[in-house]
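Here is a short briefing to read alongside the model.

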Amino acid sequence: MSGRFSEETMTAAMRDIAATLDVSAEGARLLQLTNNAVFALPRPGIVIRIARTHQLLDRVTKVVHLGHWFAEVDAPTIRLAPNVEQPIQVGDVAASVWRYIPSQLPAPTVEDLGFVLRKFHALDLPAFGLPFWDPIGDARRRLVDADGLDPDDCDFLVEWCDRLEPQIVALNRQAEPQLIHGDAHAGNLLRMSPNRAVLCDFDATCVGPWLVDFAAVAVSEVRFGRTGAYNALATAYGSDVTSDPSWTTLRQARELKMIVAAVPLLGSSPDVAAEFKNRLRSVRDDDLKARWVPLADLTQRSKKVFR
């Protein structure tokens, strides 16, 4: 299916960016096609991340600033590709370029995540400033890119944002501001060596309550039917968000994020559109037993190689 953010459009953008960098796109692999189109180019040793929404292009600039700062403070994160002026703008899309890290075993675990998050949360805030945690603002911006969104569904999401926003504002005011990743789960870890994993994907990185970084694993356990992962994370880190008074707000904020993440993709993937309906229906019915399917499972093309 074609569209502004379709696989075909993103692949063409990747080739244009590779040409701008004067590197070959031969052998490029599509790793992810969700909020970003992520391509690995093993030969030149880079990863290209292309934003799949026009409303959040400012995030690309933010993650580039973060990438430079991470290198300065030796953060437990991946690094930007060297000698590349970033962000890269090609047509009406923007991208960041990172060092390629080949897959290594064992795969990163939630225990790794707990250890890495403790180091990440211990970092001071960067001098250049970061936005405060604002899942409602992010959701509203994604609704602007709503290809094929039913008006009734849009109204429900807008009303949900209106109800949840005061709770988010109050939580931000009550908590001590700290650096948070914003989308912390094992899928956003990369294995550098047998004993070292590092964080990647900093689109949602911001300043806010550190407990936000527990919500992804905790909510995934409920919605995807996984068991044991959250307890392993809480044990490795040494804290438990589900016993905190803010848990209900954090859970709803994460669920909203997981639903609106599909909105810009509705016009380019019927599978994502069906999963969007499933997620929205379960929230409307307050059905915590309904099982969701990860968007990455619906859009994954990691074995696709471009010649």
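Predicted model: local features only at pLDDT ≥ 70, side-chain atom pairs only at ≥ 80, totals over all residues.

**Cysteines, helices and backbone exceptions**

**Cys200 and its surroundings**

- Cys200 sits in the loop that runs between β8 (196–199) and β9 (206–208).
- Setting aside neighbours within four places in sequence, Cys200 touches Ile78, His181, Asn188, Leu189 and Leu190.
- For a sense of distance, Ala12 lies 188 residues from Cys200 along the chain, and their C-alpha atoms are 24 Å apart.

**Disulfides**

- How many disulfides are there? The count is 0, taking a pair of cysteine sulfur atoms within 2.5 Å as the criterion.
- Cys200 is accordingly in no disulfide, and the nearest cysteine sulfur, which belongs to Cys206, is 16 Å away.
- Cys206 has its closest cysteine sulfur in Cys161, and that separation of 16 Å is too far for a bond.
- Cys206 is also buried, at 4% relative accessibility.

**Helix α2**

- Buried positions in α2 are Arg59, Val60, Lys62, Val63, Val64, Leu66, Gly67, Trp69 and Phe70.
- Those buried residues of α2 pack against the strands β3 (46–51), β5 (93–99) and β6 (178–180), and against the helices α3 (110–121) and α4 (135–144).
- Directly after α2 comes Asp74, with a positive phi of about 55°; this residue returns under the backbone heading.

**Helix α3**

- Which residues of α3 are buried? They are Val110, Asp112, Leu113, Gly114, Val116, Leu117, Phe120 and His121.
- The cover over these buried residues of α3 includes the helices α2, α6 and α7, together with β6, β7 (189–193) and β8.

**How α6 and α7 pack**

- Two packed helices are described by the angle between their axes and the distance between those axes.
- Helix α6 (residues 212–223) packs with helix α7 (residues 229–237) at an angle of about 155°, and the axes are 8 Å apart.
- Angles over 145 degrees count as roughly antiparallel, and α6 and α7 are therefore roughly antiparallel to each other.
- On the α6 side, Phe214, Val217, Ala218 and Glu221 take part in the contact, meeting Ala229, Tyr230, Leu233, Ala234 and Tyr237 of α7.
- Sorted by class, the contact of α6 with α7 has 8 nonpolar residues, 1 charged residue and no polar ones.

**Arg279 in α9**

- Arg279 is located in helix α9.
- Is Arg279 buried or exposed? At 3% relative accessibility, Arg279 counts as buried.
- Beyond its neighbours within four places in sequence, Arg279 is in contact with Phe224, Met258, Ile259, Trp292, Val293, Pro294 and Leu295.

**Backbone exceptions**

- Most residues other than glycine have a negative phi, and most peptide bonds are trans. The residues below depart from one or the other pattern.
- Asp74 is not a glycine, yet its phi is positive, at about 55°.
- Asp74 belongs to the loop between α2 and β4, and its relative accessible area of 57% makes it exposed.
- Asp286 likewise has a positive phi of about 55° without being a glycine.
- Where is Asp286 found? It lies in the loop between α9 (270–284) and α10 (295–299), and at 63% relative accessibility Asp286 counts as exposed.
- Gln86 is joined to Pro87 by a cis peptide bond, with omega near -5°; Pro87 is in the loop between α2 and β4 (88–90).
- Another cis peptide bond links Leu105 to Pro106, with omega about 0°; Pro106 is in the loop between β5 and α3.

Notes:
Residues numbered from 1 in each chain as written. Heavy atoms only, no water. Axes fitted to C-alpha atoms, helices over the stretch in contact; angles between N-to-C directions. Helix = DSSP H or I, 4+ residues; strand = E, 2+ residues; numbered from the N terminus. Parallel < 35°, antiparallel > 145°, perpendicular 65-115°, else oblique. Contact = heavy atoms within 4.5 Å. Nonpolar A, V, L, I, M, F, W, Y, C, P; charged D, E, K, R; others polar. Buried < 20%, exposed > 50% of the residue type's maximum accessible area, 1.4 Å probe, protein only.
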